[in-house]
Amino acid sequence: MRLKIGALGVGVLTVALVASGCSKTTDDSDSSGGDKAVNVQAGAISYDAADNKAPAPAVDGGQKGGNLGVFLPDGFEHLDPARAYVNVAQMADQLLVRTLTGYREDGKGNLKVIGDLATDPGTDVNKDCKVWQFKLRPGIKYEDGTPVTSKDVAYGVARSFSPDLSEGPHYIQQWLTDKGADYNADYKGPYNGGAALPPGVTTPDDQTIVFTFAKPHCDMPYAATLTTTAPVPAAQDKKTDYDRRPFSSGPYKIKSYQLGNSLVLERNTNWDANTDPLRTALPDTFTFNFTLQADAVNERLIADAPADQSFLGWQDVQPAQLAKTTTPDVKARVLEGPTQYVWYYYINTQRIKDLNVRKALNYAIDKDAVLKAIGGTPAGTPATTLLSPTVAGYQKYDAFNAPATGDAAKVKELLGSTPPPALVLAYANTPPRAAQAEAARKSLEAAGFQVTTKSIDPTNYYTEVGRKDNPYDIYLGGWGSDWPDPGTVIPPLFDGRQITPTGNQNLSYFNEQSVNTEIDRIGTLPSASDRAAAWAALDKKIMTDFAPVVPAYYDGAYTLVGSKVGNAFDSSAFGWPGLINVYVKP
Amino acid sequence: MSNTTAEPGPRSPGNEETAAAVLQVDPSAEQPGSPVEAKAIVGRSPGQLAWLRLKRDRTARFSAIVLIITAIVALCAPLIEKITGTSPTDQFTSQLTDFAALPIGYLGGISGAHPLGLEPGLGRDILMQLVYGLRTSLLIAFAAALISTTIGVLVGVVGGYARGWLDSMISWIIDLTLAFPFLIFALAAIPVVENRFFNARDNIPASFRVGMIIATFAIFNWTNTARLVRGQVISLREREFVEAARASGAGTGHILLRQLLPNIWAPVLVTVSLNVPAFITAEAALAFVNIGVTEPTPDLGRMIFNSIQYLSADPMYTFIPGVTIFLLVLAFNLFGDSLRDALDPKSSR
């Protein structure tokens, strides 16, 4: 999925000038110096009956009742489960709809995929990862009391084929049709006379759904966590208008939704905790506030006024506000940790064909300065690998052993007598990205490269650099896994066969036969742990032998919660605090 | 201004009596301390009188000194760079905290090497950014003010004197330009023109962007001057001295340049002095919508834009460029006021 522009928005700050000007600023780094404790994902898919049992384990100290608020500056683009792809929309949809499988997280970084609608994470019928069967739990009801059936799940998948609802993830659709990006060339969903069942999906009875793929896809339990598998009753389907009011199968239903203003959820009285292994659903209502800018959100959460104490923020603290979060009472309310995103300087390998130059770039860029330009350690930690530490199988390695501040001498040694090429560095024209581009430009010039910086309109940024014939040499881009498995990182970014004239995700335009074949081979490995190890080895091989990117930094989440929000923790699957098990302290 | 005092009266925007009164009253009434001048009635042109009044005005002196110092600092930026040995784009990131990237030390990292501290985030020297930023901002403001005023005066004089279809047409053009939304034009035009002249991989020189901004300002800001001048000319063209000149057989050129123009210098000069600070702040505003001067060219407007959010985290970073632009704009406005008073003493008393 998920390209990331970086939501470091710009708002006008209206705060009183506090008398902090005369205190000395020191670099204690007490808060976050050194290596952060990173919970490496085991990425377990659990078939253990105890794990898959409903209801969900009780939350320590959890209290029922109250209103939990969420500050989200720009609101949701889509809530329709077929169209929700951004992490915030997927996290909100967890309250509204249930999916075949889901993540159980304990707040300490342990994450298990278990059955949600289904009784387990899916049965690999023939042990070849081609036929997946899910049995639904009995007694699950929609908000109007009608039972959820496997036909509704199939209908949800079917409508996600519609070109009108194409914003969501397309893994299952592509696997079903085996046509890649042309997944809806033949079947365009149930509208306009299309069949109610998508190709490859059967529903032998109301509790069973079977997916049949042409090729093995052992990641199906992960893919089924996406909202593609949320049940949609055909009678309730309002096509594109469904976005405004998804029909609830989860613990909450929409009470009111004003675009750009607020979303209020109230309890779905037909939801039964005894059918749900994931959600404790403790607050009585959820209120999403879309009206505040990024800096205002965090000013309010720092101040922790009584009205805001039961709110949490889906918005990273802005660099200029970080200094205010170091006092003990605020520090205690900071949620900090790595997200699934890694930021790379993609090197356009169509232009920079010389491996030594690409290696030299890995030594030249001052990752420390690039990070400091957006706030330093809270924004992330310097990266050396392609995979994020949150991804299963992540292996720490450093192919170049370059210091985070760059090594200009090593650049000259690598380049020898060849003159360094003139580089064009493109960046999205927002203040934080411009600052990062300036930091990178300075370090590249210090290493001897001639650099021209080009600003691109931020809304067009990925479109521009995603054109195969783009005129740029090096550009920053973020990528996050769709589920904590390298299979959603390395193939989209480094499989050369997926390069198209426009809309590329392989932004290095890296096409190497040996890597492509290895990607295919790993995809067919039956054992999850073998796959994870093989991906990690491929990660290292790509960087060591080809260096198509400069891994810049592992993205960090740094958000705040109010003092009355209980059990809030950064979700390993979504990066920001999830909502299904939070509670309001009395 | 003009020393060809063939007809002393017409130089004054008022009537002849006032001009004579000013000539006689001024030296004795306003300069009691200089006995030599009080005794002898010295003939002075209105320009000399204005200069005298300006010199005596303490506000004018103070603001002129501020402006001169600023101009010297801006002009000598490369010299300051040589002395301090710090380039405006040098980044001292090692002197920033790892957490939040704030400058280490007191008052935003003020030290011997960095007398005004460091920028948070990129760690650049604030003094050098400020000095070079002043250069960019003052260049843009002055050039735009001069160009727009020149266009405005020419168009206004022609329009005011011409009457008939030419005047109507000029008025329409002024109205049309006024109706054009400046910001939207700038947003649309600047990137398009850049793409016209440069390929995607070309390095666009900073001077080009600066020139574009100056041109955009000039295109949109001549209208006020033009309207003002046109109005002045209309009120003057029926005066006796113009009639007299015309009766004496003076050509249009002579009437425009020699008779009318000298009488509208006062409001024009004041417009310039008020335009310059307006352009400085407008240029800062352009930085807010990303069509201002781009990195790595230092720019005062962009610096202020970036620093505002650091108001509480690193107040010195906001304070230094903020105070600089405050002093600059204040000095220009005060100087403009004093200049108006000096050129047209009636207006203030």
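**Chatting through a two-chain model**

Q: Let's start with chain B: what share of the contacts with a separation of 6 or more comes from residues 24 or more positions apart?
A: In chain B, residues 24 or more positions apart account for 71% of those contacts. Keep in mind that this is a predicted model.

Q: Got it. How many helices and strands does chain B have?
A: Chain B has 14 helices and zero strands. Going along the sequence, the pattern is α-α-α-α-α-α-α-α-α-α-α-α-α-α.

Q: And how much of chain B counts as buried?
A: Of its 349 residues, 42% count as buried.

Q: I'm looking at helix α6 of chain B, residues 126-162. How far does it reach?
A: From the first C-alpha to the last, α6(B) reaches 52 Å over its 37 residues. That is close to the 54 Å expected at 1.5 Å a residue.

Q: Is α6(B) enclosed or open?
A: Largely enclosed by the rest of the structure, because 27 of its 37 residues are buried. A residue counts as buried here if 20 or more other C-beta atoms lie within 10 Å of its own.

Q: What follows α6(B)?
A: B:Arg163 does, and its phi is positive, near 55 degrees.

Q: How does helix α5 of chain B sit against α6(B)?
A: The axes of α5(B), residues 77-84, and α6(B) come within 9 Å and cross at roughly 165 degrees. That angle is over 145, so α5(B) is roughly antiparallel to α6(B).

Q: Left-handed or right-handed, that crossing? And which residues make the contact?
A: The crossing of α5(B) and α6(B) is left-handed. On the α5(B) side the contact is made by B:Ala77, B:Ile80, B:Glu81 and B:Thr84. On the α6(B) side you'll find B:Met128, B:Val131, B:Tyr132 and B:Arg135.

Q: What about α13 and α14 of chain B, at what angle do they pack?
A: Helix α13(B), residues 300-308, and helix α14(B), residues 315-343, pack at about 140 degrees, with their axes 9 Å apart. The two helices are therefore oblique to each other.

Q: Switching topic: how many residues of chain A are in contact with chain B?
A: 43 residues of chain A are in contact with 33 residues of chain B. On the chain A side, α8 (367-372), α10 (431-446) and β17 (450-456) each supply at least two residues. The largest share, seven residues, comes from α10(A).

Q: Let's stay in chain A. Is strand β14 enclosed or open?
A: Strand β14(A), residues 334-347, is largely enclosed by the rest of the structure, since 12 of its 14 residues are buried.

Q: Which strands do bridges join it to?
A: Among its partners is β19(A), residues 549-560, joined to β14(A) by 10 bridges and running antiparallel. There, A:Trp343 has A:Tyr553 as its bridge partner. Strand β18(A), residues 474-480, is joined to β14(A) by seven bridges, also antiparallel. In that pairing A:Tyr345 stands opposite A:Leu476.

Q: There's a sheet of four strands in chain A too. What's the order?
A: It runs β6-β7-β9-β8 in an open sheet with antiparallel pairing. The edge strands are β6(A), 123-124, and β8(A), 201-202, each pairing on one side only.

Q: Which helix packs on that sheet?
A: Helix α2(A), residues 150-159, packs on it and touches β8(A) and β9(A), 208-212. The direction of α2(A) makes about 35 degrees with that of β9(A).

Q: How many bridges between β6(A) and β7(A)?
A: Two bridges, in the antiparallel sense, with β7(A) spanning residues 131-135. A:Thr123 has A:Gln133 of β7(A) as its bridge partner.

Q: Last one: what order do the three strands β2, β4 and β5 of chain A take?
A: They form an open sheet in the order β2-β5-β4, and the pairing is mixed. The edges are β2(A), 44-45, and β4(A), 101-105. Strand β4(A) runs antiparallel to β5(A), residues 111-115, with five bridges joining them. In this pairing, A:Arg104 stands opposite A:Lys112 of β5(A).

Conventions:
Residues numbered from 1 in each chain as written. Chains lettered and ligands numbered in written order. Predicted model: local features only at pLDDT ≥ 70, side-chain atom pairs only at ≥ 80, totals over all residues. Pairing = 2+ DSSP bridges. Contact = placed C-beta atoms within 7 Å. Axes fitted to C-alpha atoms, helices over the stretch in contact; angles between N-to-C directions. Expected span 1.5 Å × (residues − 1). Parallel < 35°, antiparallel > 145°, perpendicular 65-115°, else oblique. Left-handed = near helix turned anticlockwise from the far one by under 90°.
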